[in-house]
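I opened my notebook on a structure that was new to me. Here is what I looked up.

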Amino acid sequence: MTRPLPVFDAEAAPAEPGPLFVDWLATALDAGVLDPQVVTLSTVDADGMPDARVLVLRDVDPSGTGWVFSAAADSPKGRQLGDHPAAAITVYWPQLGRQVRVRGTVERAADQVAAAEFATRSPAARIGALVGRQSEPLASPAEYEEAVAVARRRLEATPDTVAAGHAVFTLWAHEVEFWQGHADRHHVRLRYTRTGPVRTPEWSRTLLWP
């Protein structure tokens, strides 16, 4: 981290983690960080084995401190969240030397919310979702291209089609940690822990050893 990095004054941080995350995300956008809204979502399977993948953060609820993302309900992550509705999100912005870690419970939104979110996606993203079968074995690239062509014709015929099982989830944070790296190893770590019910602005803050 031998490069100019932002200074993080933990004492001046807001009382809640949501606004701080939004501020850090906006800073990453302004700094030209590539794909700053891309995060790593971690879940566990039925055997308790951890699993992780990169996906796009769709929205943030700064007041309730919720991180919103979407997934196919029949995909590995969708099934894992259905069986064990808890997860962690990690995001790292290399140019800024900043990391945010979020842990909490996950809630699936109503189908109408998922349908509205699906409509905001690009045609390519909607076609991919209509193809479905995520993470299943693929016999050949030609099989996939044929499925894409079928999905494209379907979307062109009925533009308001929503992929079966398309779901929107919100990770309601129980704990959020902000990490600011420094070349001299004097990293700054600030952890927020929820002290009240989900969606209420009740948090404690703790400065952590690097």
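My entries below go from ground rules to strands, then to one tryptophan and a pocket.

**Ground rules.** I am working with a predicted model, where local features need pLDDT of at least 70, side-chain atom pairs count only at pLDDT 80 or more, and totals for chains, interfaces and linings use all residues. Residues are numbered from 1 along each chain as its sequence is written, and side-chain values use heavy atoms, with hydrogens and water left out.

Next I looked up its partners (two strands pair if DSSP finds at least two bridges between them). Strand 6, residues 98–108, runs antiparallel to strand 7, with eleven bridges. There, V102 faces V176 of strand 7. Strand 4 is also antiparallel to strand 7, and seven bridges join them. I found F69 opposite F169 of strand 7. Strand 8, residues 188–194, pairs with strand 7 over six bridges, again antiparallel. E175 has T193 in strand 8 as its bridge partner.

**W67.** I then turned to W67, which lies in strand 4. Is W67 buried or exposed? W67 counts as buried because its relative accessibility is 1%. I listed its contacts (heavy atoms within 4.5 Å), leaving out residues up to four places away in sequence. Among them are F169, T170, L171, A173 and V176. W67 also touches V102, F21 and I89. I checked one distance too: the C-alpha atoms of W67 and L81 are 14 Å apart, and the two residues are 14 apart along the chain.

**The largest pocket.** A pocket here is an open set of points on a 1 Å grid over the protein atoms alone, where a 1.4 Å probe fits, with protein on both sides within 12 Å along at least five of seven lines. I noted about 770 Å³ of space in the largest one. Its lining has 29 residues (an atom within 4 Å of a point). Closest to the centre are A72, G128, A129, G132 and Q134.

Which elements supply at least two residues of the lining? They are strand 2 (50–56), strand 4 (66–72), helix 4 (123–131) and helix 5 (141–157). Helix 4 gives the largest share, five residues. By type, I wrote down 14 nonpolar, seven polar and eight charged residues in the lining.

Conventions: Grid points are joined across faces, edges and corners, and a volume is the space filled by probe spheres set on the points. Helices (H or I, at least four residues) and strands (E, at least two) are DSSP runs, numbered from the N terminus. Ala, Val, Leu, Ile, Met, Phe, Trp, Tyr, Cys and Pro count as nonpolar, Asp, Glu, Lys and Arg as charged, and the others, Gly among them, as polar. Buried means under 20% relative accessible area, exposed over 50%, partly exposed in between (1.4 Å probe, protein chains only).
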